[in-house]
Amino acid sequence: MAFATSSFWGPVTSTTEWCEQNYVHSSYIAEFYNTISNIPSIVLALVGLVIALSQRFEKRFSILHISNMILSIGSMLFHATLQRLQQQGDETPMVWEMLLYIYILYSPDWHYKSTMPTFLFLYGAVFAVFHSQIRFDIGFKLHYIMLCLLCIPRMYKYYILTQDKPAKRLAKLYVLTLFLGLLCWLGDRLFCNKISRWYFNPQGHALWHSFMAFNSYFANQFLMFCRAQQRGWNPRIAHFMGFFPYVKIQKPKSQ
């Protein structure tokens with residue numbers, strides 16, 4: 001949206017803007033609430049990383065939590081600047097992260113161990129080069145949705161095969177936060193003209209960031225639980241301070 005004060009970063013060069021007035025609180029931050037709302041994602045990804053390392057999960061999960069942090073930092077830079085380069089720093093990690101989810105979901109049943117990571121790595125590299133040279137706003141969204149849809153059948157299969165009720169609750173929280181986040185995202189995009197005339201802007205895109213922070217955390221913990229079951233690590237859902245769910249495992253002594 002239009003400027004309220006002077007801009008440190010200059011004219012907007014990104015292909016997308018959101019329903020938040022620019023540079024209201026600082027000349028260094030274009031979309032203030034959309035920027036700071038990425039902080040919960042970074043914190044929860046750090047919590048997930050500590051859990052993965054302390055429980056000695058496979059490196060794929062440490063990389064997944066780190067990728068969540070990288071994505072959130074890229075999103076912060078994009079919303080703070082609304083520049084084309086920073087937009088790429090937000091969108092490219094989104095695709096890389098989905099490729100990592102596809103690997104985690106499908107690799108346990110993949111018979112040729114080296115082909116999947118090699119293909120996904122090359123796919124991610126080619127996309128990064130292509131995306132750096134060509135602007136495609138709608139095309140990027142459709143491509144990202146396609147990658148997300150590839151994950152759904154596998155997530156549903158894991159949910160069906162999981163008998164542990166607390167673990168199933170994590171999956172349900174994942175779906176709930178995704179649904180609420182999408183409502184906020186769509187409301188911010190579809191009704192911006194009306195919202196911008198309101199006395200109070202609910203900051204739908206910032207709420208999307210907050211919901212997706214918990215969405216990623218719940219998804220990651222559920223996948224860690226399923227992987228621990230596959231490895232025979234006797235996983236269970238514990239709660240930090242009686243509230244915050246996380247996966248606790250007990251590996252056989254031989255491991």
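Trainee: Which exposed residues does the face of H5 turned away from its buried side carry?
Mentor: This is a predicted model, and the answer is read from it. Exposed means over 50% relative accessible area. On the face of H5 turned away from the buried side, the residues that pass are Phe121, Val126, Val129 and Gln133.

Trainee: Within what arc do the buried residues of H5 fall, seen down its axis?
Mentor: The buried residues in H5 are Met116, Leu120, Gly124, Phe127 and His131. They line one face of the helix, because the arc that holds them, seen down the axis of H5, is 65°.

Trainee: Which helices do the buried residues of H5 pack against?
Mentor: Buried residues of H5 include Leu120 and Phe127. Contact requires heavy atoms within 4.5 Å. The partners of the buried residues of H5 are H4 and H6.

Trainee: How far apart are the end C-alpha atoms of H3?
Mentor: H3 has 23 residues, and at 1.5 Å a residue they should span 33 Å. The expected span uses one less than the number of residues. The distance in the model agrees with that expectation, so the end C-alpha atoms are apart by 33 Å.

Trainee: Where does UniProt place the feature "binding site"?
Mentor: The UniProt entry is unreviewed. The positions are spread over 131 residues of sequence, yet they cluster in space, with a largest C-alpha distance of 11.5 Å. The residues named by UniProt are His79, His205 and His209.

Trainee: Is His79 buried or exposed?
Mentor: His79 has its place in helix H3. Buried means under 20% relative accessible area. The value for His79 is 1%, so His79 is buried.

Trainee: Which residue's side chain does a polar contact of 2.7 Å join to that of His79?
Mentor: Leaving aside neighbours within four places in sequence, His79 is in contact with residues including Trp18, Glu31, His205 and His209. The polar contact of 2.7 Å runs from the side chain of His79 to that of Glu31.

Trainee: What is the relative accessible area of His209?
Mentor: His209 is found in helix H9. Among its contacts beyond four places in sequence are Asn34, Ser75 and His79. His209 is buried because its relative accessible area is 7%.

Trainee: Which residues touch the most other members of the largest nonpolar core?
Mentor: This core has 43 residues. The elements giving two or more residues to the core include helix H3, helix H9 and strand S2. The residues that touch the most other members are Phe57, Phe61, Phe222, Leu223, Met224 and Val247.

Methods:
Residues are numbered from 1 along each chain as its sequence is written. This is a predicted model: local features need pLDDT of at least 70, side-chain atom pairs count only at pLDDT 80 or more; totals for chains, interfaces and linings use all residues. Side-chain values use heavy atoms; hydrogens and water are left out. A nonpolar core is a set of buried Ala, Val, Leu, Ile, Met, Phe, Trp, Tyr and Cys residues joined through side-chain atoms within 4.5 Å. Buried means under 20% relative accessible area, exposed over 50%, partly exposed in between (1.4 Å probe, protein chains only). Helices (H or I, at least four residues) and strands (E, at least two) are DSSP runs, numbered from the N terminus. UniProt positions are given in the numbering used here, feature names are shortened, and annotations may be inferred rather than shown by experiment. A polar contact is a pair of N or O atoms within 3.5 Å; within protein, one must be able to donate a hydrogen and the other to accept it, and residues adjacent in sequence count only if both atoms are side-chain atoms. The arc is that of the directions from the helix axis to the C-beta atoms.
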